[in-house]
Amino acid sequence: MSADDDKYPGESGRRRFVKGVVGGAALAGVGATGSAAVNSLTTSPGAGGGATEAMAIENTAGPAPRGMPQVPIEIQSDGTIKGVWPEVTQQTVQGRTIDVAEMELGGKTYSSEWYQFCGVETYEGIQPSYESDNVFYIGESPGFEWQSEFDAGTAMNIDMFENYETWGNGVGVDGLGKPGTGNWRSQDTEDTIPINVLRSPVIEQLAANGEAQAPDQDEPYTVTDDVQTWLQASTSQGVMAWLNKCTHFCCVPGFKAEGGAKFNASNEVYCPCHQSVYEPFSIVPTLFTARPRPDG
Ligand code: FES
């Protein structure tokens, strides 16, 4: 199957999507009885793939089958924001030696498999040993107006997000955080891995206290102890990131996107293709079947 096969399918795509949902439900059943029993490295052909549990921003409405996976971040001493890429090790699986990028982080097993869907599994940057500085860079057509003052290829920096506690774009309420789009592990290759960064006081409070008051709802946002531990490891100074590929048919959604209001998504991440909605302040473990990389 080529990288484009699950993008914007035509008439026959609907059937494949429905099958995918049934598969997802069956997989969820597996998870209920203990996903630890599933060996995610035994699926062939290709390298890696199989049942994978990623930490994701929750899908709350629309046809998307699950949330979009988070990219854990770190901030360098000069303020540059980069994604964490696990250390690469070699493992022998069914007689073959393959590269595996996998690590324990914040109580979770974080691996390159989190991003193996929507054709991304074929991208060079998703190969465990692809050489990259892992920095997030602003792309050719950034998703937010404030980014247009920066040239494509500018490294994303915490300084760009200084007004994160008050930022707004006229959609929904102000003060939920400041977003920016970029790409990751995509230099020297034509495949662009799109990411969305969000620096938010809500994420900052959730990581520090497990709950956060926010201007878009009366009730505080809350996370479990497990998720709080994960946020402490995967975010920094309120900065989080996710792979910005809709899990439905792979469009690029937007935080506080124009058009989301009609679907009650002014303060969420909204995909304009078929109206899927994601809640960046609800981080959930998400079990799905990662696609194998084509070789390895
Ligand atoms: S809702 Fe269909 S691609 Fe996003």
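**Contacts, bridges and rings**

Mentor: Serine 266 touches Val171, Gly172, Lys256, Gly260 and Ala261, leaving aside residues up to four places away in sequence. Contact means heavy atoms within 4.5 Å. This is a predicted model, where local features need pLDDT of at least 70, side-chain atom pairs count only at pLDDT 80 or more, and totals for chains, interfaces and linings use all residues. Residues are numbered from 1 along each chain as its sequence is written, and side-chain values use heavy atoms, with hydrogens and water left out.

Trainee: Where is serine 266 found?

Mentor: Serine 266 is in the loop between β13 and β14. Strands here are DSSP runs (E, at least two residues), and helices are runs of H or I, at least four residues, both numbered from the N terminus.

Trainee: Is serine 266 buried or exposed?

Mentor: Buried, because its relative accessible area is 15%. The cut-offs: buried is under 20% relative accessible area, exposed is over 50%, and partly exposed is in between, using a 1.4 Å probe and protein chains only.

Trainee: New topic. How many disulfides are there?

Mentor: The count comes to 2 disulfides. A disulfide is a pair of cysteine sulfur atoms within 2.5 Å. Cysteine 118 and cysteine 250 form one of them, with sulfur atoms 2.0 Å apart. That pair links distant parts of the chain, 132 residues apart. Cysteine 118 is in the loop between β7 (108-111) and β8 (178-184), and cysteine 250 is in the loop between β12 (239-243) and β13 (254-255).

Trainee: Why is the disulfide of cysteine 118 and cysteine 250 left-handed?

Mentor: It is left-handed because the torsion about the S-S bond is about -95°. Cysteine 118 counts as buried at 3% relative accessibility. Cysteine 250 counts as buried at 4%.

Trainee: And what do cysteine 251 and cysteine 273 form?

Mentor: A disulfide, with their sulfur atoms 2.0 Å apart. They lie 22 residues apart, and the pair links distant parts of the chain. Cysteine 251 sits in the loop between β12 and β13, while cysteine 273 sits in the loop between β14 (269-271) and β15 (276-290). This link is left-handed, with -95° about the S-S bond.

Trainee: Is cysteine 273 buried or partly exposed?

Mentor: Partly exposed, because its relative accessible area is 32%. Cysteine 251 is buried, at 3%.

Trainee: What about cysteine 246 and cysteine 271?

Mentor: Cysteine 246 is buried, with a relative accessible area of 2%. Cysteine 271 is buried too, with 2%.

Trainee: Now rings. How many aromatic pairs?

Mentor: The count comes to 12 aromatic pairs. Rings of Phe, Tyr and Trp (its six-membered ring) pair if their centres lie within 6.5 Å; planes under 30 degrees apart are stacked, over 60 edge-to-face, and the rest tilted. Phenylalanine 144 and tryptophan 167 form an edge-to-face pair, 6.1 Å centre to centre with 85° between the planes. Both phenylalanine 144 and tryptophan 167 are buried. Phenylalanine 263 and tyrosine 270 form a stacked pair, 5.8 Å centre to centre with 15° between the planes.

Trainee: Which residues do ring pairs link into a cluster?

Mentor: Trp85, Tyr110, Trp114, Tyr115, Phe136, Trp184 and Trp230.

Trainee: Last one. Which ring does the charged end of arginine 199 sit over?

Mentor: The ring of tyrosine 164, 3.9 Å from its centre. The rule takes NZ of Lys or CZ of Arg within 6 Å of the ring centre and within 35 degrees of the ring normal. Arginine 66 lies over the face of phenylalanine 117, at 5.1 Å from the ring centre.
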